[in-house]
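Student: I have a structure open and would like to talk through how its parts pack. Can we start with the helices?

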Amino acid sequence: MAMAHWCWAAQAPPMRTKEAWKVPFRRRTERKVRMMCKEASGEDRQTLEAAMDDILLRKSNDVRIEKIRSSVEDKQVLESWEKLMRWARIKESKEQEEEKELMENVTKVCVFGGGSFGTAMGTLLARKKSQLKVVLLLRDENTCTNINHSHRNSKYLPDYDLPDNVHATTDPTAALQDADFVIHAIPVQSSTTFLAAIKDIIPEDLPILAVSKGLEVGTGKMMSEVIPDALGRDQPVVFLSGPSFAVEMMQKRPTTVVAASKDPQLARTAQLLFACPYLRVNTSSDVIGVEVAGALKNVLAIAAGVVEGLDLGNNALAALTAQGCSEIRWLSRKMGAKSATLQGAAGVGDIMLTCFVNLSRNRTVGVRLGKGESIEEILASSTQVAEGVATAGVVVHLASRYKVALPVLTAVARIIAGQLSPREAVYGIMNLPQIEER
């Protein structure tokens with residue numbers, strides 16, 4: 001009996017409000033009175049017509065009341081939007097003055113590295129100010145020649161023309177001469193060697209805008225530790241991270257990043273420097289949160305790719321990503337990150353982009369692992385660096401140091417090390433003891 005009652009309840013229509021029940025009742029009454037009017041005569045007809053007039057009056061009142069209600073709601077929406085726009089205009093007016101002053105004084109920007117993202121960030125600045133000199137410091141003479149003559153980075157962004165004020169060189173002294181800012185886009189694992197080799201020609205007050213994401217193998221250092229250690233001194237640095245594919249930035253598609261620095265004014269300067277109609281730059285003082293989220297999301301993206309490569313479905317992908325987000329939160333909080341950072345563009349925003357979109361290099365590595373390729377085969381055929389491959393092993397050491405259990409991120413490290421097959425890793429995690437959500 002209870003089961004029968006439950007089944008009926010499961011299939012029953014949702015309860016209507018008192019007002020909702022009136023609508024179909026009035027419609028039926030209106031149709032019935034109209035038919036009776038046609039058939040009646042004399043006093044009966046007059047009575048029915050009076051009833052019909054009453055029905056139409058009630059209907060008119062209902063329509064009028066609904067219009068008033070809709071009008072009030074529309075007015076509230078409009079007022080809320082206009083309030084937001086007024087605030088934006090006030091802020092924009094002040095920001096435009098600051099930005100204009102900054103851009104007038106900036107004459108040259110140097111970019112360390114000629115990868116896709118460094119090129120995209122340099123291109124953004126070159127587009128923003130046509131008189132600005134943007135110089136990419138590269139190792140490869142052929143890539144330099146290609147950029148300087150054809151104005152294309154044929155290795156990483158072959159489909160996009162670079163502005164005429166973007167140039168390339170292999171000479172560090174020439175690249176850094178008179179530079180107002182440096183964009184550091186060298187992969188994390190190469191950053192210490194690169195910076196140590198040129199530290200004597202980098203002015204001590206030259207702001208470095210770091211866009212590299214990852215943790216250094218062997219030390220577990222973040223870029224906020226790598227840069228001062230490699231230079232042997234403190235340097236003004238801002239760390240930029242967020243959901244931002246280079247290709248979409250070259251296409252001028254709306255993008256948001258976060259500029260994090262212990263110096264609020266320097267973060268603000270980076271915000272004004274890069275902000276444009278297709279790039280929003282939020283500021284943050286949480287350097288640890290921005291860096292750790294930016295590094296660990298690459299490892300999680302490999303795990304997401306493995307699920308795709310094994311064709312385990314969307315349920316599995318969502319569950320694994322949610323578990324990975326929790327693991328990143330657990331470790332980041334232990335390291336001193338703020339919850340707000342992990343819930344923002346540099347945290348969840350970057351995780352979603354990297355885990356769910358085919359343009360992600362780290363996700364692609366995971367897909368290929370899931371389909372049975374070895375990590376050696378994948379890396380040998382890749383033209384760009386997937387930082388998550390190197391970062392995965394470092395995460396295990398951090399987990400041990402901070403005494404945090406990270407099943408998904410640890411599984412990725414074991415897959416890359418050849419200690420576990422992708423399928424074994426997935427089902428090993430699925431068969432862990434059931435726990436309380438935290």
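Student: How are α11 and α17 oriented to each other?
Tutor: α11 and α17 are roughly perpendicular (angles of 65 to 115 degrees), because they pack at about 105 degrees. Their axes, lines fitted to C-alpha atoms over the stretch in contact, are 8 Å apart. The angle is taken between N-to-C directions and can run from 0 to 180 degrees. This is a predicted model: local features need pLDDT of at least 70, side-chain atom pairs count only at pLDDT 80 or more, and totals for chains, interfaces and linings use all residues. Residues are numbered from 1 along each chain as its sequence is written, and side-chain values use heavy atoms, with hydrogens and water left out.

Student: What counts as a helix here?
Tutor: A helix is a DSSP run of H or I with at least four residues, a strand is a run of E with at least two, and both are numbered from the N terminus.

Student: Which residues of α11 and α17 meet?
Tutor: Ala295, Leu296, Asn298, Val299 and Ile302 of α11 are in contact (heavy atoms within 4.5 Å) with Glu387, Gly388, Val389, Thr391, Ala392 and Val395 of α17.

Student: Is α11 buried or exposed?
Tutor: Of its 23 residues, 21 are buried (under 20% relative accessible area, with a 1.4 Å probe and protein chains only), so α11 is largely enclosed by the rest of the structure.

Student: How far does α11 reach?
Tutor: From first C-alpha to last, α11 reaches 34 Å, close to the expected 33 Å. The expected span is 1.5 Å times one less than the number of residues.

Student: What comes just after α11?
Tutor: Aspartate 311, with a positive phi of about 55 degrees.

Student: Back to packing. What does Leu296 touch?
Tutor: Leaving out residues up to four places away in sequence, Leu296 touches Leu215, Ile328, Leu331, Val395 and Leu409.

Student: How many residues are in the largest nonpolar core?
Tutor: That core has 44 residues, and Leu296 and Leu409 are among those with the most contacts inside it. A nonpolar core is a set of buried Ala, Val, Leu, Ile, Met, Phe, Trp, Tyr and Cys residues joined through side-chain atoms within 4.5 Å. The largest share, 11 residues, comes from α11.

Student: New topic. Where is His151?
Tutor: His151 lies in the loop between α5 and β3.

Student: Buried or exposed?
Tutor: His151 is buried, because its relative accessible area is 18%. Beyond its neighbours within four places in sequence, His151 is in contact with residues including Tyr160, Asp161 and Pro163.

Methods. Buried means under 20% relative accessible area, exposed over 50%, partly exposed in between (1.4 Å probe, protein chains only). Angles under 35 degrees count as roughly parallel, over 145 as roughly antiparallel, 65 to 115 as roughly perpendicular and the rest as oblique.
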